Amino acid sequence: MKPTSKKPIQTPRQELAAARNEIAQLDSAFLEAFAAFLKRRKALAREVGRIKRAAGLPIRDPAVEQRVHARFSARLGRYLPKSFVHALTAAVLRASRREQSRN
């Protein structure tokens, strides 16, 4: 006879605690990845700013910003409200322009 692997019976409170713990772990992983994304984007924005200054180009490029908005919307629009995705993208772009403006 083959042994069966049975999960111990959990109370609803235990199931809830386990699900919340998994969400907390997922949140931590997301925040770590998002912080790494922002750090790398900040460094790249400084480099882009240096290149733009050397070439005499303006910091703001509406066509590029529109493409960034489109990428964020395409990827996140299924999961988050459109207004939130737009606000998030706008905040990321503002931070990037700020870094590009630094000498």
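In this talk, a residue is called buried when its relative accessible area is under 20%, exposed when over 50%, and partly exposed in between, with a 1.4 Å probe and protein chains only. The model is predicted, so local features need pLDDT of at least 70, side-chain atom pairs count only at pLDDT 80 or more, and totals for chains, interfaces and linings use all residues. Residues are numbered from 1 along each chain as its sequence is written, and side-chain values use heavy atoms, with hydrogens and water left out.

Let me begin with helix α1, residues 12-55; helices here are DSSP runs (H or I, at least four residues), numbered from the N terminus. At 1.5 Å a residue (times one less than the number of residues), its 44 residues should span 64 Å, and the end C-alpha atoms are 63 Å apart, which agrees. Arg41, Ala45, Gly49 and Lys52 of α1 are buried, and their cover includes α2 and α3. Glycine 56 follows α1, with a positive phi near 70°.

I turn now to the pair α2 and α3. Helix α2 (residues 62-76) packs on helix α3 (residues 82-101) at about 140°, the axes being 10 Å apart.

Finally, the buried residues of α3, including Val85, Thr89 and Leu93, pack against α1 and α2.

Note on methods:
Axes fitted to C-alpha atoms, helices over the stretch in contact; angles between N-to-C directions. Helix = DSSP H or I, 4+ residues; strand = E, 2+ residues; numbered from the N terminus. Contact = heavy atoms within 4.5 Å.
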